[in-house]
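I opened my notebook to look up a few things in this structure. The entries follow in the order I made them.

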Amino acid sequence: YGLISLGGSDPNVSVELLVLAIPAGLVGGILGGFFVRAWALLERIRRLIAERSYSSRPWRVGARTAEAAFGVGITTLAFLAVAKTTGCVQIHEEDSEGRSHAWTTDSSFAVRFGCDDDEVNELASLWFAPRENVIKKILAGGAFSASSLFYCGCLAFATLLLVFGTALPGGLFLPLIYCGACLGGAAARSTKFENSKRFQAPAQRHLGVLGAVALLAGVQRTTVSLVVIVLEGTGNVHMLLPIVATTVVARFVGNLLSRGFYEVALHSKNIPFLEKHVPSNFDRKFVADVMKVPVVLTRLTTASAASEVLHACSHGAFPVVSSDEGPEDPSKRPLAGLVLREHVAALLAHRRDGRDDRRDRALSSAGWDGPQTPPRRLASGPQPLDLGPVMVRSPYVVYADCPLSRAYRLFVTMGLRHLVVVSHEDNSVAGVVTRADLAGCLHS
């Protein structure tokens, strides 16, 4: 089984590869930490340019297109500058040392790129051939020079760093495997081992795998899933211990330098992602330390009042208070429920009061089953608006003196987006806590 056959291996050789797993994981962790930090800096620069320089959509599209073209152009020029100076390889099956050059006879892989009819360009073949084919050739022990593999790995790493996140569609998993396999293969082909007859050939195959694992673990910081994917892909259970050791070392070193790539990407996109484990310092804080001043709506309100609230702020939900007689300040009235912004907008768009079957139509247009009616201007008049049918009548609530760790667990386990804070005395609304508030505490 396995998508990439490594030709089998001696279990003793795989155990000896544990010595190489530590330096491979160390280099992978360092490169992964550098990649995450550099990509985060480039992403901040992109957002800064987009926010300050380009206010209209055509300018933003043009800027993103120019950015993608610039990244590809730089790496292409760098490749052409070196590819023209590299030597060509004769088309033959094996060399004098018995190494397989079968890739030179593969018409779907080998590329001439200015060489004679009986020659192929090694560097161009590694760069222009399909990535999956290149990875298979490297991990299968193809006779490539260390310099070509090293240059392709560095160039692909720089290209991925410049282009990922731009308007060009591309992945992260396969390019990292390609970079790691090239760098690992280059290290194996440039190192002379003491027992070359028994160790050199397996090292050329397996060190490419360890390089790919190290770079993936250093950037993505995945552990169990990465080990399972690599073992299933290569079909070599003897590599379990070296792969696990490489993954652990790369993840440890990467965490010393930066957070994981996906955590940084979520933070740069302002997505309030909360980790499973509660931060230890949250036990010393209270909900009152992070809650914000609430913007409330009365259950029986008017279309104009609700429309003014939607235009005045960008909150995703609003506490709903009782419309019975009480204090003039709505925030001092008892809590009656919680209503989402899109539901209020749906009621205003339909110019309805939310009673009977009109509630279903309002929820449908808000995104439950997809919009079924064309959008219309929000109502803004004295007509009454009843939020009762569309509000959540029993939202989760906490007190202001509740430990922040308990509120954090409530957000994570229940998947909450908003949490209403009420007072002990009269059950009035004291504040609101959102996922963004807690995410801000995590990164502060």
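I began with a rule: two strands pair if DSSP finds at least two bridges between them. Helices (H or I, at least four residues) and strands (E, at least two) are DSSP runs, numbered from the N terminus. The model is predicted, so local features need pLDDT of at least 70, side-chain atom pairs count only at pLDDT 80 or more, and totals for chains, interfaces and linings use all residues. Residues are numbered from 1 along each chain as its sequence is written, and side-chain values use heavy atoms, with hydrogens and water left out.

**Sheet.** I looked up β9 (residues 418–422) and found it antiparallel to β10, over five bridges. Leu419 has Val433 in β10 as its bridge partner. The open sheet has three strands in the order β8-β9-β10, with mixed pairing. β8 (397–399) and β10 (429–434) each have a single partner strand, so one side of each has no neighbour in the sheet.

**Cysteines.** How many disulfides are there? I counted pairs of cysteine sulfur atoms within 2.5 Å and got zero. Cys152 is in none; the nearest cysteine sulfur, that of Cys182, is 5.5 Å away. Cys154 is in none either; the sulfur of Cys179 is the nearest, 8.9 Å away.

Next I checked burial: buried means under 20% relative accessible area, exposed over 50%, partly exposed in between (1.4 Å probe, protein chains only). Cys152 is buried because its relative accessibility is 0%. Cys154 is partly exposed at 35%.

**Helix α7.** I noted 18 residues in α7 (residues 173–190). Its buried residues include Cys179 and Cys182.

Note on methods. Expected span 1.5 Å × (residues − 1).
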